[in-house]
Amino acid sequence: MTLAIIGGSGLYALEELELEKTLSLLTPYAEQPVCLYQYRKGLSTCLFLPRHGAEHQLAPHEINYRANLWALDKAGASSIVAVNATGAVDPCLEPGSLVLPDQIIDYTYGRENSFYLGKHQLKAHIDFSEPFTPELNTQISAVADSLGLPIVKQGTYGVTQGPRLETGAEIRRLARDGCTLVGMTAMPEAALARELGIPYASLCLVINKAAGVPGAQLNHEFLMLVLEEGIVVVKNLLRELVSRYSPDKSLYMR
């Protein structure tokens with residue numbers, strides 16, 4: 001029963017935890033193995049996977065999401081907390097905000113988005129009414145509250161293709177659709193986790209206001225500054241989450 005953490009932009013290791021070992025798993029979905037890292041905090045362990053690679057070499061549309069999720073499943077992940085750097089569509093969200101979205105809208109295309117491709121089965125029609133596991137969101141928000149970290153406990157994550165940022169018209173469209181956040185990596189990751197029956201949550205760090213939102217700053221220097229400062233907060237939250245993690249049988253959908 002192991003918590004798994006998927007690191008997004010700016011999160012490539014968990015230096016605050018003790019690295020126990022590196023796992024290299026071959027999967028049916030890639031020639032190269034997927035590298036996972038097992039960390040320990042006291043009596044608790046966690047698996048860690050840097051989504052973009054250890055040196056951020058993979059753009060969002062180039063990530064092999066199926067290989068990543070398959071490897072985490074085989075390594076024994078009982079729940080997944082995915083960290084995502086996002087933009088704010090909701091003008092009330094400031095850079096540096098932490099958000100636990102509860103809904104998602106997928107605008108991506110051309111990604112291998114199911115384990116059932118080429119072998120259609122009725123069970124491929126997963127219930128995706130709640131794409132993020134509510135009980136896992138509750139666990140994360142409880143840890144954030146105990147640390148005194150402000151965290152927004154609902155939102156709709158609009159997932160765009162990338163790697164470019166969005167146009168002002170695209171952000172206005174996302175706002176009309178009901179999105180409060182925009183990012184590039186939550187899909188098909190969340191759906192693949194659901195196909196495997198693994199509880200999944202997205203911990204979003206807002207690093208900018210999206211194009212056309214009042215106060216938007218989209219220059220690289222500003223984004224990197226907010227990202228670096230925000231990742232420190234995220235790591236503190238993750239460290240405490242790992243040490244307190246206690247899987248509840250109600251989370252398991254297998």
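In these legends a residue is called buried when its relative accessible area is under 20%. The model shown is predicted.

**View 1. Strand β10 and its two partner strands.** Let's start with β10, which spans residues 200-209 and is mostly covered, with ten of its ten residues buried. Strand β5 (residues 77-88) runs parallel to β10, and nine bridges join the two. Along this pairing, Ala 88 sits opposite Lys 209 of β10. Strand β6 (residues 98-99) pairs with β10 in the antiparallel sense, over two bridges. Here Leu 98 stands opposite Leu 205 of β10.

**View 2. The surroundings of Ser 202.** Ser 202 belongs to strand β10 and counts as buried because its relative accessible area is 0%. Its side chain makes a polar contact with the side chain of Asn 84, at 2.7 Å. Leaving aside neighbours within four places in sequence, the residues in contact with Ser 202 include Ala 82, Val 99, Pro 101, Phe 132 and Tyr 157.

**View 3. Aromatic pairs.** The model has three aromatic pairs. One of them joins Tyr 29 and Phe 115: the ring centres are 5.5 Å apart and the planes meet at 55°, so the pair is tilted. This pair links distant parts of the chain, with Tyr 29 in the loop between β2 and β3 and Phe 115 in the loop between β7 and α2, 86 residues apart. Tyr 29 is partly exposed, at 23% relative accessible area, whereas Phe 115 is buried, at 9%. Tyr 39 and Phe 48 form an edge-to-face pair, 6.2 Å from centre to centre with 80° between the planes. Both Tyr 39 and Phe 48 are buried.

Key:
Residues are numbered from 1 along each chain as its sequence is written. This is a predicted model: local features need pLDDT of at least 70, side-chain atom pairs count only at pLDDT 80 or more; totals for chains, interfaces and linings use all residues. Side-chain values use heavy atoms; hydrogens and water are left out. Buried means under 20% relative accessible area, exposed over 50%, partly exposed in between (1.4 Å probe, protein chains only). Helices (H or I, at least four residues) and strands (E, at least two) are DSSP runs, numbered from the N terminus. Two strands pair if DSSP finds at least two bridges between them. A polar contact is a pair of N or O atoms within 3.5 Å; within protein, one must be able to donate a hydrogen and the other to accept it, and residues adjacent in sequence count only if both atoms are side-chain atoms. Contact means heavy atoms within 4.5 Å. Rings of Phe, Tyr and Trp (its six-membered ring) pair if their centres lie within 6.5 Å; planes under 30 degrees apart count as stacked, over 60 as edge-to-face and the rest as tilted.
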